[in-house]
Structure formats: C-alpha cells, structure tokens
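Open your viewer and get ready to select as you read.

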Amino acid sequence: MTSQRLAYTYLSDHQREAIDSWRARFPDHDQGRQSAVIQALHIAQEGNGGWLSQQMLDAVADYLELTPVRVYEVATFYSMFHLHPVGRHKVNICQNISCMLCGSDELVRHIEQHLGIGLGETTADGRITLVPEDECLAACTGAPMMLVDEHYYTDLTPEKATAILDSLE
Amino acid sequence: MSANPEQPDDQVTITIDGAEYQASKGATIIEVADANGVDIPRFCYHPKLTAPANCRMCLVDIEMNGKAAPKPMPACITAIGDGMVVRTESERAVSAQRNVMEFLLINHPLDCPICDQGGECELQDLALGYGRGISRFTERKRVVDDEDLGPLVETEMTRCIHCTRCVRFLDEIAGTSELGALHRGEHTEIGTFVGRGIHSELSGNVIDLCPVGALTNKPYRYTARAWEMLSHPTVGPHDAIGSNISLHQVRGTVKRVVPRNNEAVNETWIADRDRYSYQGIYAEDRLQEPIARDGDKWQAMDWQEALESVAGRLKEVAAQDPSQIAAWVSPSATLEEQYLLNRLMRGLGSDNVDVRLRQADTRDGDSPSPGLGMPIAATEDVDAALLVGSHTRHDQPLLNHRLRKAGLNGAHIMALDTRRHDWNYELSEELVAHPDQLARELALIAAAMAAYVGRGVVEGLHAYTGGAEPGDNHKRVAQRLVDAGSALVMSGDAVELHQGGADLRALTALIAELAGAHHGQLGTGANAFGGWIAGAVPYRGADGSPARGMSVAETIADPRRCYVVVNLEPEHDCFDGAAARRALEAAETVVVFSPYVTEAMREYADVILPIGAFGETAGTFVNAEGRWQTFAGVGRPIGEARPAWRVFRVLGNLLSLDRFEYNAPDEIHAELQGLWERQGNPSNGGWQGRPAEPWLGHGSLVRAGNTAIYGTDPLVRRGEALQRTPHAGAARPTLSPATAQQLGVNDGDWISLDQGGPSVRLQASVDDALADSTVWLPAGLEGTAGLGPVHGPINIQRT
Ligand code: SF4
Ligand code: FES
Ligand code: FES
C-alpha cells in the first residue's frame with residue numbers, strides 16, 4: 001500500500017529518537033527488536049496522555065518492524081500499559097496478599113466512596129483513574145500501600161490516602 | 001564416557017523405561033521416545049515447531065550418572081546424554097503428569113458431547129489416561145469470548161489450553177504471525193487482539209495442530225463425528241505439489257479433508273485450497289444427466305443416446321477434415337482421462353489436444369515440459385533461487401513453504417515479476433518490471449551471468465537487451481545464482497499467461513543453464529506434467545513421437561469447427577477468456593464434458609455430458625517433481641454423472657477405435673507407464689528453442705496478472721468457504737501511483753475496464769508494488785470472466 005507509514009503519523013520525531021536509542025542496544029533482528037518493545041511502549045504511552053491506542057500499538061510495531069501481534073502481546077501482558085483513555089493520575093491500590101491482610105479492602109472501599117468511582121474508572125473531571133487489581137507492588141513492608149503515577153505511598157490509612165489523592169492536581 | 005566403545009562420536013546411548021536406545025547427540029528425550037514407539041504425553045510439543053515447553057504434560061523422571069534429577073523434567077526440551085536413564089512411568093513421573101492434567105482441566109469446559117473435536121481430541125485421550133474420575137475443582141471456571149477468525153476456522157476459545165501451537169505455526173511455518181498469546185496468567189487468551197482474522201493460505205493447519213476443540217473446521221462443523229467417517233487417501237487436485245490428503249466421508253459424501261503425512265511432498269501440511277475445495281463437489285450447478293441442445297431448448301438424454309450423438313457429430317467433422325476438431329482439457333484432469341482423450345483425438349485424426357489452457361504463447365511449441373526439475377523436498381536446501389512470474393506463495397503454497405525455509409536459512413530467494421508480491425519472508429531481491437520489459441530484465445541477468453562465468457557474448461541475447469548494460473541488481477542476481485551450490489531458476493503462472501512467454505521461458509532456461517541451476521517451469525493445475533506425459537499436448541504423442549497439432553492458443557486464434565471441452569470454464573480458465581468463448585460460440589459443434597453446467601455452457605455447447613468431480617474418480621496425478629500418485633474414487637458420482645475415463649472408453653468403442661477395452665484405470669495407467677519408461681528424459685526447452693523473433697510488447701497500458709489463488713479451476717471456484725475469504729471475491733484492478741495519477745484514478749474509485757469486448761465496472765486500488773503503465777487484474781475472480789487476455793492491452797474509463 002502507499003499509505004504513509006504509521007510510525008511517522010503517530011510518533012513524534014522526539015519519540016522515534018528515544019525509541020532508536022533503545023533499539024540500538026539490541027541486535028537488529030526480530031527477536032532483538034522485540035526486546036525494545038517495552039521501552040518503546042512506555043515512550044509512546046507517555047506522549048499519548050498516558051494510554052495506548054490501537055494506532056499507537058501499530059505505530060510501535062511498524063517502527064520496530066515487528067508484526068503487530070508481537071506488540072499486542074506485550075501491551076496486554078503488563079498492567080502498566082493502559083489500553084483505554086485514563087485520567088491525569090493513575091492510582092493503583094495494591095490488594096495483593098500482604099496489603100490485603102493489612103486492610104487494603106477497606107482502603108479501596110473508602111477511596112471508591114471518596115472519589116465516587118469504582119476500580120477501573122476515571123473521575124468525571126479526568127483527574128484520577130483507579131487502576132484495577134494488580135500484582136503485588138513489591139513494597140509489602142509498608143503495606144497497605146498504593147502507587148500514584150510513579151510514586152509509592154506506604155503505611156496508608158484511609159485518611160492518609162484521601163489526603164494524598166485530594167492533593168493531586 | 002561412552003557406554004559402548006564402538007559407538008560413533010555423535011551417538012549416545014540412553015535407557016528409557018528399561019530399554020536401551022542409541023540416538024544422535026543433541027536429540028531430545030521426546031524425539032528418541034517417538035522414534036522408538038515409547039509414548040510420552042504432550043500438548044505443546046510438535047515435531048515441526050519449536051518447543052516452548054509450556055504445557056508440562058511431558059514430565060519424566062531422569063537419572064544421569066547414577067544421580068536422579070531433583071524433579072521431573074520436560075521430555076520435549078531436555079537433551080539426551082550418554083548413559084541417561086529416563087523413566088516415563090515411574091510413580092513420580094506419572095504423578096507429575098496427573099497433576100498437570102488436573103490443572104489443565106481446571107478451566108476447561110469439559111463440553112465434549114457438543115465439541116467437534118470429541119473422539120479425536122488429544123486432551124480427551126490423555127484425560128482418559130491421566131485425569132481423575134472426579135473433578136475436585138468447584139470454583140467458577142473462566143469463559144473466553146470467541147473471535148471470528150474468518151470463514152475457515154471456527155473458534156471456541158474457552159476450550160483452549162494455551163499450548164501455543166497455533167501461534168507458533170503462524171509464526172514459524174505460515175510466516176504471518178496473526179495470532180498471539182494476549183494478557184497474562186489466568187487471563188491469557190489466544191487471539192488477534194484486533195479481530196483481523198487469519199488469512200494465511202495455510203491457515204487450516206491450525207485445526208489439525210490444536211490438541212483440543214478450540215480451533216475447529218468451520219464448514220465441517222457439526223456435520224459428522226470422527227468415528228462415523230471413513231478415511232480415503234487421495235491427492236490434492238489444485239497445484240503441482242500433489243499434497244497427500246485424506247477425504248473423510250460418510251456413505252460416500254465427503255465431510256472434510258485432512259493432510260496425510262508425506263515428508264517428500266507436503267510434510268504434514270496442506271494448503272487451504274486443498275482442504276476446503278471439496279465443497280465444490282456438492283455445488284448446486286452439478287449436472288445430473290446428459291443434456292443436448294434441441295433448438296432453443298435443452299433436452300435430457302440417456303447416456304447411450306447422448307454418446308451416440310456425440311460419436312456421430314465427431315465422426316462427421318472428422319470425415320471432412322479432422323484438423324477441424326480441437327480438444328481443450330483441464331490440467332487438473334487425471335492422467336488416465338488425459339491419455340484416453342489424447343487417444344480419442346488422435347484416433348479421429350486430429351492432433352489438436354492441449355492441457356495448456358493458460359499458455360498464451362506457444363511459439364516454443366515442441367520442447368518445454370512442465371515440472372520443477374528437482375525433487376520438491378530438495379528445494380528447501382537450495383542456496384539461491386530465481387522465481388520468474390511466480391507468486392509461489394499462492395501458486396504452489398507448499399513449494400513456497402520449502403523455499404521460505406531455505407530463505408530463512410540464508411539462501412538468496414529472488415523474484416522477477418510485474419509487481420511486488422506479499423511474501424511471507426524477506427526475499428533477497430525482488431525485481432519489478434513492466435510486462436513488456438520482462439524479457440529485457442532476464443536478458444540483462446543472463447548477460448551479467450555470461451560475463452561473470454566468462455562465457456563472453458551469448459548469441460541471440462542482444463536482440464533482448466538492445467545493447468543495454470546490466471545494472472547492479474542484475475549482477476547481484478546473476479552472481480548469487482552462479483555462486484550457489486544448489487540453485488533453482490523457475491518460471492511460473494504469469495509467464496504462462498504472458499504473450500511473449502516463449503521468450504521468457506527460453507531466457508529462463510538460458511539463465512538456469514549458465515548458472516548450472518535446476519530449471520523449473522510450473523503453471524496451474526494438479527496434473528500439467530501428466531498432460532504432457534499422456535500426450536495431451538499437440539506436439540507430442542504419449543510415446544514421445546513428434547506431432548504437429550494446434551495448441552489451445554492456436555485454436556483460439558484460428559477457430560475450429562468443432563471443440564471438445566473437458567472440465568473447464570473457458571471464460572475463467574483460458575488465458576483469453578473472451579476470445580475462447582467467442583471461438584466456442586462460433587463453432588458448429590461443441591461437446592462439453594463437465595461436472596457442472598453453467599449459463600455460459602448452455603450458450604455455446606451442443607451436448608453436455610456429466611462427469612465425476614474430484615473425489616468421484618479414480619486416477620493418477622503427476623506432480624512437479626514427476627511423482628506418479630494414484631488414488632481411488634470415494635463413491636459414485638452424483639446423479640447420472642460418470643467418471644470421465646469410462647465415458648471416453650465407451651466413446652472410443654462407439655467410434656470403433658482400436659484398443660479401447662480398458663476395465664479399470666490401472667490398465668490405462670500401466671499402458672501409459674510402459675510408454676513413458678521407454679522414453680529418455682524429455683528435453684526441457686532451452687535457449688536453442690527460442691523464438692526466431694523476440695516478441696515486441698504491447699506498448700500501451702497493459703493488463704498484468706496471474707491466476708487468483710482460489711480461482712484456478714471450476715472446483716475451487718465453487719468452494720463456498722474459500723470464496724468468502726479476502727483472497728477471493730470481486731477483483732480489484734490495481735495501478736501504480738504514477739499511472740493512477742496519469743489516468744485520474746484514486747484508490748477506491750469505480751472504473752470501467754475493457755479489452756476490446758464488453759466492459760466491467762470494478763473498484764480500483766492504488767499500490768506502489770506495481771510497475772507503471774500496468775493494471776494488475778488476475779484471472780479467476782468475480783468480474784474478470786468477460787475480459788480478454790490476462791496479459792494484454794486494456795482500456796480504463798473513470799465512471
Ligand atoms: S487454540 Fe488450540 S492450538 Fe492454539 S493455543 Fe489454544 S489449545 Fe493450543
Ligand atoms: S502485597 Fe501489596 S506490596 Fe506486596
Ligand atoms: S510437551 Fe513438553 S512441556 Fe508441553
């Protein structure tokens with residue numbers, strides 16, 4: 001087909017450069033380029049309001065010269081990639097075993113009530129998305145805990161948690 | 001530390017369940033077990049695919065140097081070692097296998113009574129041996145939404161056990177990577193993620209690979225049970241590979257087609273074309289009884305009456321001028337049919353019999369025989385290949401599979417055609433030229449080659465190069481072919497269809513000769529080589545004696561008074577459908593032998609005799625490597641239809657021709673085999689046989705094309721499921737961006753096209769894969785039947 005390559009339609013110069021630097025670290029064959037998928041998806045997601053559209057996934061596949069399904073596999077495997085639009089902040093309340101034992105269920109209930117949304121939903125003002133249940137976030141010593149964007153908040157109580165959320169822009 | 005001092009270095013000895021086996025170093029336990037008939041349960045492992053060892057069903061107990069491994073190991077990826085002791089049935093191994101089975105069944109619906117796979121399911125079989133009688137799992141099972149993968153493969157993804165055989169097949173064999181393992185852990189699903197479906201020409205093989213009922217055969221669904229069907233070995237009827245297949249039938253009705261293993265031919269795969277075309281056997285337009293024209297009406301007749309009338313008509317024309325009779329016969333007819341038809345025609349005094357329906361140029365008349373020029377299996381070991389006018393992936397899917405293997409192993413697979421094709425691997429070089437320039441491109445490759453091997457100037461080449469110098473690309477192609485240890489130079493379907501095909505074939509032969517390469521020449525049909533052997537060609541008898549008949553192309557250009565047409569639809573199957581039809585319409589007498597009756601036939605024919613379709617006739621196909629493969633018929637043909645060889649035999653008797661007393665096809669086969677064995681190897685054309693004058697080209701906007709993958713013959717065109725895939729349906733005339741711009745055509749525009757006759761209206765595509773000044777428009781698609789030559793001038797009007 002003659003259509004413009006997706007990679008040049010959906011990825012900025014800057015993003016493509018950033019992907020290049022990852023790509024250069026691996027051998028230039030299918031498997032090698034597959035190693036750059038995770039980083040490329042982060043780069044694409046960041047530049048796209050925190051989520052990955054179908055076009056973005058295809059653009060990454062196109063740019064790394066991989067068949068699209070290789071990228072879909074990675075994007076659906078990791079919960080850090082979001083395949084639907086999200087709010088400005090992603091809040092992930094850990095509910096795995098340690099956090100659960102230390103009261104994450106109550107924490108979730110409280111936060112849901114406070115924000116008026118359930119897990120997997122986004123507040124009407126587009127401020128916060130509550131990320132659905134995930135694996136252990138590897139901060140069990142500080143259970144219960146939550147991940148807000150890139151930051152860990154540990155030893156939470158419902159009050160502490162809502163205060164943190166209220167401070168988000 | 002070899003157990004046996006006489007053991008060769010590359011061999012090791014291992015013990016499995018108490019018995020000693022010798023095997024090559026590097027083999028896995030499961031390979032040794034399989035080779036020696038020891039059963040190890042497995043789901044994900046398949047000998048033709050890489051082993052991910054993800055199902056864990058094959059766990060076995062291992063002991064090395066007297067030390068037991070700490071836990072059971074997967075037999076499918078554990079390499080053997082000298083002195084290794086393997087126990088597949090120890091308590092620990094069996095308990096491991098049972099536990100894996102229990103986990104696999106946790107999320108499986110256990111809906112065997114409504115599952116098509118029931119009775120032939122690897123999960124069912126192994127559950128019988130390793131499963132518990134009662135499930136301990138009382139929690140909720142997961143359910144997976146089904147995805148529509150297209151008209152060929154049905155899904156029931158809740159049954160999937162995530163062995164990933166289907167994913168790996170599409171990755172490693174089909175080369176399309178259309179399926180993936182999406183999501184994670186308990187949420188893992190096999191799918192395309194975007195609902196694109198799977199479109200590989202080999203897609204049906206995932207049905208055979210899937211160990212459970214997740215992927216099943218869509219058209220076959222719910223029509224029979226595995227245990228009520230009889231398996232009937234036969235041979236694929238559409239391409240020159242001759243894939244070994246089995247028809248599964250119930251009381252003579254074919255329910256489905258599956259591959260038979262033959263490492264030398266199709267390995268364990270078959271193309272979708274061979275798997276799904278059987279639906280055409282039961283098409284609505286099957287002719288049930290002989291019919292003859294009576295003024296404007298058609299009259300049913302009994303066979304005796306019909307054959308007598310045919311014999312009478314043929315005799316009448318033959319008595320005046322036998323050269324006024326021409327026979328066109330399908331290149332997918334059996335060897336026996338082709339041979340008897342040849343004898344009928346020659347008995348009547350005419351040499352005008354031909355299977356090369358799609359060969360537009362027969363100036364090189366009496367030399368080239370079709371065929372691959374090498375064993376099919378050996379093509380996966382070539383170091384270089386040049387494919388001229390062949391979209392091998394669609395023309396001969398399993399030959400492409402072999403060449404792909406070679407290509408992935410580093411061989412230089414190269415192509416020259418009028419467009420770039422959608423290959424499932426990367427070619428080393430893909431040359432694209434306008435149809436008028438193909439000969440020049442080949443000549444430049446030949447010139448570069450002659451220089452490279454120090455042959456100097458090749459006589460006659462200048463007429464094609466016009467004195468031009470080879471470019472770097474020509475030199476690269478030439479050098480790679482010469483430097484290769486084993487090489488193949490092959491022409492394909494698009495060369496057959498080319499108006500200057502004789503030049504292209506001669507040049508291809510020259511290149512093969514200069515490179516010391518194998519030389520192949522493949523058109524369409526399952527038995528084109530057979531047609532040549534059977535003498536169903538105008539320039540040679542079955543005994544190899546020369547003859548001077550007229551080809552299909554010649555009897556189209558110089559119409560005859562009487563035609564005999566066997567199992568084809570000229571408007572689709574001849575290189576110039578419009579002209580072929582005109583010739584038939586103008587003839588006094590047209591006798592058609594066909595499983596089907598079409599509106600077109602009713603217009604041009606005088607008598608139409610119903611013959612058996614594929615599966616209903618016993619016979620032989622000779623594949624591209626010259627392998628004779630004989631098969632029996634499954635059941636009686638539909639209605640009053642009869643196998644064509646019987647019809648020809650009776651006709652031979654009615655015409656009082658000598659030696660037409662055959663009782664069975666094997667007698668015909670044996671007679672022909674005797675004739676064939678007495679002949680030396682046929683010459684395969686060559687530069688010497690080139691036409692006196694090069695063909696000059698059309699010099700205008702030219703139609704280019706090949707035969708669409710699901711448009712090759714009447715049977716596949718009636719394969720209802722195949723016709724609903726994106727490879728079939730309405731033709732999309734395709735132009736290069738520059739040509740489209742010149743003509744003011746945009747992608748998606750509706751345009752009118754004509755080749756001098758009636759025009760058709762089709763939706764255009766624009767694609768930079770094409771050479772300029774050409775319109776890509778293959779034959780055998782909806783909308784192309786009324787048009788002229790597949791390679792010839794064409795006019796375009798925007799509408
Ligand atoms: S669909 Fe069948 S072949 Fe594919 S992963 Fe599932 S069980 Fe295996
Ligand atoms: S369980 Fe929450 S951080 Fe580990
Ligand atoms: S067959 Fe060995 S792990 Fe699946």
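Start with B:Asp171 and A:Arg70. This is a predicted model, and in it the two side chains form a salt bridge, at 2.6 Å from N to O. That counts as a salt bridge because a side-chain nitrogen of Arg lies within 4 Å of a carboxyl oxygen of Asp.

Next, show the whole interface of chain B and chain A. Three salt bridges cross this interface. Seven residue pairs, both partners at pLDDT 80 or more, are in polar contact between the chains.

Now select the side of chain B that touches chain A. Helix 4 (165-173) and strand 8 (180-182) of chain B each supply at least two of its residues. Which of the elements gives the most? Strand 8 of chain B does, with three residues. Color this side by residue type: eight are nonpolar, five polar and six charged.

Zoom out to both chains. Chain B brings 19 residues to the contact and chain A brings 18. Together they bury about 1,400 Å², with 53% of that on carbon and sulfur atoms.

Move on to helix 2 of chain A, residues 13-23. Select A:Gln15, A:Arg16, A:Ile19 and A:Arg23: these are buried. Why do they share one side of helix 2 of chain A? They span an arc of only 95° around the axis, so they sit on the same side. In general, an α-helix has 3.6 residues a turn, so residues three or four places apart point the same way.

What covers these buried residues? The cover includes helix 1 (6-10), helix 3 (30-34), helix 4 (37-46) and helix 5 (54-63) of chain A.

Last, turn to the face of helix 2 of chain A that points away from its buried side. Select A:Asp13, A:His14 and A:Glu17 there: they are exposed.

Note on methods
Residues are numbered from 1 along each chain as its sequence is written. Chains are lettered from A and ligands numbered from 1 in the order in which they are written. This is a predicted model: local features need pLDDT of at least 70, side-chain atom pairs count only at pLDDT 80 or more; totals for chains, interfaces and linings use all residues. Side-chain values use heavy atoms; hydrogens and water are left out. Buried means under 20% relative accessible area, exposed over 50%, partly exposed in between (1.4 Å probe, protein chains only). Helices (H or I, at least four residues) and strands (E, at least two) are DSSP runs, numbered from the N terminus. The arc is that of the directions from the helix axis to the C-beta atoms. Contact means heavy atoms within 4.5 Å. Buried area is the accessible area (1.4 Å probe) that two parts lose on being put together, summed over both. A polar contact is a pair of N or O atoms within 3.5 Å; within protein, one must be able to donate a hydrogen and the other to accept it, and residues adjacent in sequence count only if both atoms are side-chain atoms. Ala, Val, Leu, Ile, Met, Phe, Trp, Tyr, Cys and Pro count as nonpolar, Asp, Glu, Lys and Arg as charged, and the others, Gly among them, as polar.
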